[in-house]
Amino acid sequence: MLHDLALLTPLFVVLLAALFTLVADPFLPAHGTSLPALSTSRRFWGPFNAAACLGALAVAALLWKTGPHEMRTVAFALHISASKLSLFFVALVCLCGAVAHLTSPRYLEEQGMAYGEYYALVSFAVFGMGAMVSAESLLTMFLSLEIMSLSVYVLVAFKRSSAASVEAGMKYFIVGSVASAVFLYGAAFLFGLSGGTTFVEIQRALQNPRPGDDLWLSLGVTLVAAAFLVKVAAVPFHMWAPDAYEGAPTPITGFMSAGVKAVAFAAFLKVVYGALQGPGAALLHVPLPKVLATTAVITMTVGNLFALTQLSAKRMLAYSAVAHAGYLLLGMVAASPDATLSGFLTPGAAVPFYLLGYALASLAAFAALTALGHAGEELTGPTQLLGLGRRHPLAGAVLALSMISLAGVPPTLGFFGKLVLIREVLAVDGGAYLPHIVILVLNSVVSAYYYLRITVHIYMRPEGKRTDGKNGEHVYIRETGLTWAMGATAAAILVLGALPERAIGVATRSAASVRTRAATLHVANQAQARLAHRK
Amino acid sequence: MTVIPLGHFLLLAAMLFGIGLAGVLTRRNVLVLLMSIELMLNAVNLTLLAFARYRGWTDGHVFAFFVIAVAAAEAAVGLAMVLAVFRLKRTVFVDDLRLLKR
């Protein structure tokens, strides 16, 4: 029991911070101005919760280094685990949470919504995300999915005085709830197949299938996969994403586009491929890799085409998030345990590594956009970005760097993410996905146009007129936490871009933990077949 | 006495789920949407319980309890959001929520 609890320490650190914030906040006096929404007395909750998230990240790193053997990382009757894959994504979501906490305090004051619950909700969402990527059963996954989603719905609609924010929250809530229900319906069929909710039980049931099990499996996997496609905003389930991303407070948009997306992909990886390892895939009537690859191609194309036409940087990044979901879905094809990767050194690293690069770039971009918010306005339109490089050099540089990384230009992490992904998908089934890769590369070229357009706006155009400051001067949020968040994410993009081997190695080891069991089964089966052949 | 076979329960649940999904896709009143989502969740409960009852697995009952609890939490958040929308826009129809469509 104690061993089980110790494995989940990173999650408890964040949970305790959230509970403390929630309980202690009402006792804080609303000094400063009379309106609590404008008061500065809640400012320190940001650094406090960010410290908790970073602490959790450090504990996760410690568990990675010194934790028990991979076989002993499963806790609480096989319902949750601290495997390398879990720890990698726990660390990633803790980073997203820390950035969201650091960038928020002054922004919330500018927007007139400086309430303490905000920080508690972000920490609760981080806890839910961490539990979701650690889940080893459908029940745990459902509960943590809801802990995350309910917190994020409220955060999207957090600016109660803004019709756009509330509308975005409402839309996200409806689509998200339907996705949860669809996920549950799929989980119910997988339960009907195995009599249990853990992935191990599902795998065990698939070893000796009964008649009719193939139907439950196909239905269950299809529904669960559909729910995850909604959560990652894949076409045709992407319509909620631009609205939710645009209406949400900017730090939350960054948190969602980096964290929620990473979590959805990690959980997708665990359910679909964790539960299907071994004989499961043969029973499935749906050609899952082909469906994923086709969805991926459509998603990236639609996302990029819509992103081209957007003027607001925030909405453009929302469509670019859809496009990146497409790239990642193609990476999922290579993560399948049944995919044969010919002579490839880092199997399965594509999705975790790409998500790391995407999350850092996305966090940096939205941190920079947060600095533009002023007096209840978002100010992320094209005219407001003109000459940003001169007026707020740090925000301009960070935004430009993140655009370059998202476009996948060489010295950055985004380039290596795409490189690893393309190499890995090309190795699947002897190049069966070459046409998809060609479309991916063409899409990257198209996306470079709208990413670099922002960079041009920042550095190479004469300054536009901003109408926000009292005398026409430019007002930005300047805050230590925000500066640190921008600097740290930008530095990570550059440093990891210059030395990507270590990060790729970490991603490979994390992916290995979802593939290990499958590989063992595969090797055992092959050896058995060879023996039978000799006899 | 004849026992109703498992398939009947699953079919009923599938129909309820379908009605709920159709409600979400076609109706425009947010409150009706929330009710449709509840219908979908209850269809899931029925599926879980049918499997649990017919095969003698207890995990399904536990799962259904969790679903009920989470559905209540979800309804609370959903209704709070309806209230927030109604305060600002005096409407509960999703067609009137098009500030963000461009």
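Reader: What share of the 102 residues of chain B counts as buried, and how is burial decided?

Author: In this predicted model, the share for chain B is 33%. A residue is buried if 20 or more other C-beta atoms, placed from the backbone, lie within 10 Å of its own, exposed if 12 or fewer, and partly exposed in between. Local features need pLDDT of at least 70 and side-chain atom pairs count only at pLDDT 80 or more, while totals for chains, interfaces and linings use all residues. Residues are numbered from 1 along each chain as its sequence is written, and chains are lettered from A and ligands numbered from 1 in the order in which they are written.

Reader: Why is A:Gly387 called buried?

Author: A:Gly387 has 20 other C-beta atoms within 10 Å, so it counts as buried. The residue belongs to the loop between helices H16 (382–385) and H17 (388–391) of chain A; helices (H or I, at least four residues) and strands (E, at least two) are DSSP runs, numbered from the N terminus.

Reader: How do you know that the span of helix H13 of chain A agrees with its number of residues?

Author: The expected span is 1.5 Å times one less than the number of residues. For the 21 residues of H13 (288–308) this should be 30 Å, and the end C-alpha atoms are 30 Å apart, so the values agree. Buried residues of H13(A) include A:Leu292, A:Ala296 and A:Met300.

Reader: How many residues of chain A are in contact with chain B?

Author: The contact joins 32 residues of chain A and 31 of chain B, contact being C-beta atoms, placed from the backbone, within 7 Å. H7(A) gives the largest share of the chain A side, 18 residues.

Reader: Which residues touch the most other members of the largest nonpolar core?

Author: Among them are A:Val14, A:Leu92 and A:Ala364, in a core of 238 residues. Such a core is a set of buried Ala, Val, Leu, Ile, Met, Phe, Trp, Tyr and Cys residues joined through C-beta atoms within 7 Å. Beyond its neighbours within four places in sequence, A:Val14 is in contact with residues including A:Ala52, A:Cys94 and A:Phe127.

How values were computed:
Contact = placed C-beta atoms within 7 Å.
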